[in-house]
Amino acid sequence: MEVLRKKLDACRLILDNSIETTSVRNMNWLNDFCAALLEFASAVHKSLSDRKQNDKSHASEELVCLCLTQIMVCVRQVECTMKLASGSAVSASHLYFLDRIRWCLQRLLHLYSREEAAEDSQGRSFLKLLDSTLDTLALFSSNNEENSDLMNFQHTPSEILGLSGQLRVNIDLLLGQTLGFANVALQQDKRALSALCQKVIRELNAFQDECKVPNSSNSNLKLKAMTLEQALYQLEDFINDALLRLVFTCFLDFQKFSVDKIRTLLKSSSDDDAIADEFIADFDVNIDRATQIGIFAIAFAPNLKMKTMMRSCLASFESLDTTLIPSLQANGSDLHSDVLEQHFDEEVAKFKATLQEIIDSRAFLGCCLEILTSGISAAEKHYEKVPLEDLLEMALFVLEHFQVEVNRTVLAETKLQIGQEYLQQFIRILRECKAILMCASQVEPKRIIKRFKILRTILRKLHGCIGASKYREEGPDDLESHLMDESQEELTETVSFLPSLSGIATSQGSILYDTARRRRLARTHDTRPKESYHQNIKSANYSVRRRESLRTAMFKRQNMAESKRIYTTISNQSANLQITDILEQLTGMSTGVFEC
């Protein structure tokens, strides 16, 4: 530990001295910093290899990987800002990324300055809590005689009450995390989430009441346990489905509410324009949704590298929350906001690519198929061009999904590689749908909808050939044949698809950075009177705007002039990816090889 602390101190010393030596032509300090960081990472790698793995050491390893990854991201941004020349705007960006590096070093120093290992700041995931709860219920509901744990379980009143109490604790945490997800879920999913949570509460109360009955029969306990199990399974299934629908909406809103569009809107609007406030609020809601999706993805990521990549994206979003939009509101044309916008766009691209690699292909296609079916049905009742354009954009996310190498192998594994042919047909009809929408004013709505029906037919076949137990012997039909087939198909079909992600964990704590906004939210949460889950669940039925952040409070557009003054003052005063992968990157950087 002492060796690691000394190496961290060396990194911090170089960073502190960098403020005095930084110039456009002097990058020696950055090379020195990377070399020192490489020594620290090498020592950490050796330390982790020698240490016995357990839950606490695993949490420490995850924190180390996150901090090192964030430092790598910020170092590249610092090098870019130094190349961009001089000026106060660049200096603000430069200091912003230095502050993030300094914060990560401080977190690492704190980790290695205490005996105990780091705790998981996000708590137990939805997946782990659910598994633990179902394992406990299995003691009452399972008939598996080969399971020695079940055979040796003594149904004494004290043991039953103890297990009942543990179930209450776990399910309370499950419902709390479910409500966190419900706050950002799509409006049509909120009511169902509320009803499912209430059902779980009713069944849990019924089970606990039965546990309190003296000399309760095993058959009664088994019945109550099985009913509670079923309620939990229903809740998990619906969260998985709702999450997939949210992924498509989140990806679409990254385009609808982009930083560039916010910049343009702020330039063209007046200081008291409510439209800009609404646009920024929608941008904030989407970041909250991305965070919830990311937490799910972390719980289901297959390895430490994928977990770290996702955590790093969420940490960047967290840090940019109090910086990016204020820089646009204060002076949207300066270079500082340009640098932050580019950084945000890069992190969004990483977030989407990482999520696409984690998501199950069959589930992703199944959800898109469900969305297409619903959209086509709505268009037949009331034709509008914009919703169809949104459907087309969502269909394009399927192409993005199969640009990931891991997902391309799924197509190659289909019988006769039929999936590859279906994907090419899907691309062709996508182009046709895009072309017909471009001249929509000259085409009858029925013809436009017909093209989208063909798109749905091909997507259905692509979905059916992935992961299916039996495949058709013949090859794919010609594209023209879909024109005849589609008119005979039912529009209101039931689409079934596998859940792709499991586990959700929401927390009042931060991903990495202790922003002022997070501290304020934590204080609010601690001082807020405790409400029953029944009261909280009912609130999930309503559309919930993003909770007010310190940034939102400071930079109301009604006080734009004051916001500019405050932000300028703050800016001027601002002084798998696994370890082996990080070492390889650091080695190149420490020799002076930088790529932006």
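Modeller: The model is a predicted one. This serine belongs to helix α13, which covers residues 324–331. A polar atom of the serine 327 side chain lies 2.5 Å from the backbone oxygen of leucine 324. Alanine 378, by contrast, counts as partly exposed because its relative accessibility is 42%.

In soluble globular proteins, nonpolar side chains tend to be buried together.

The aromatic residues can be followed pair by pair. A search of the whole structure returns 12 aromatic pairs. One of them joins phenylalanine 254 and phenylalanine 351 in an edge-to-face arrangement, with 6.2 Å from centre to centre and 70° between the planes. The pair links distant parts of the chain, since phenylalanine 254 is in helix α9 and phenylalanine 351 is in helix α14 (residues 335–358), 97 residues apart. Both phenylalanine 254 and phenylalanine 351 are buried. Phenylalanine 317 and phenylalanine 344 have ring centres 5.7 Å apart and planes at 50°, so this pair is tilted. Because phenylalanine 317 lies in helix α12 (residues 304–320) and phenylalanine 344 in helix α14, the pair ties together parts that are 27 residues apart in sequence. Phenylalanine 317 and phenylalanine 344 are both buried. One aromatic cluster is formed by Phe254, Phe283, Phe317, Phe344 and Phe351.

Charged side chains also meet aromatic rings. The charged end of lysine 352 sits over the ring of phenylalanine 251, 5.3 Å from the ring centre. Arginine 245 lies over the face of phenylalanine 238, and the distance to the ring centre is 5.6 Å.

Apart from neighbours within four places in sequence, phenylalanine 452 is in contact with Leu372, Ile376, Leu388, Leu391, Leu392, Cys433 and Leu437. Cys433 and Leu437 are among the buried residues of helix α18. Helix α18 has 21 residues, numbered 418–438, and spans 31 Å between its first and last C-alpha, close to the 30 Å expected at 1.5 Å a residue.

The C-alpha atoms of alanine 378 and leucine 388 are separated by 9.8 Å, and the two residues are 10 residues apart along the chain. Alanine 378 itself lies in helix α15, residues 361–381.

How values were computed: Residues numbered from 1 in each chain as written. Predicted model: local features only at pLDDT ≥ 70, side-chain atom pairs only at ≥ 80, totals over all residues. Heavy atoms only, no water. Contact = heavy atoms within 4.5 Å. Phe/Tyr/Trp six-rings, centres within 6.5 Å; stacked < 30°, edge-to-face > 60°. Helix = DSSP H or I, 4+ residues; strand = E, 2+ residues; numbered from the N terminus. Buried < 20%, exposed > 50% of the residue type's maximum accessible area, 1.4 Å probe, protein only. Lys NZ or Arg CZ within 6 Å of the ring centre and 35° of its normal. Polar contact = N/O pair within 3.5 Å; in protein donor to acceptor, adjacent residues only side chain to side chain. Expected span 1.5 Å × (residues − 1).
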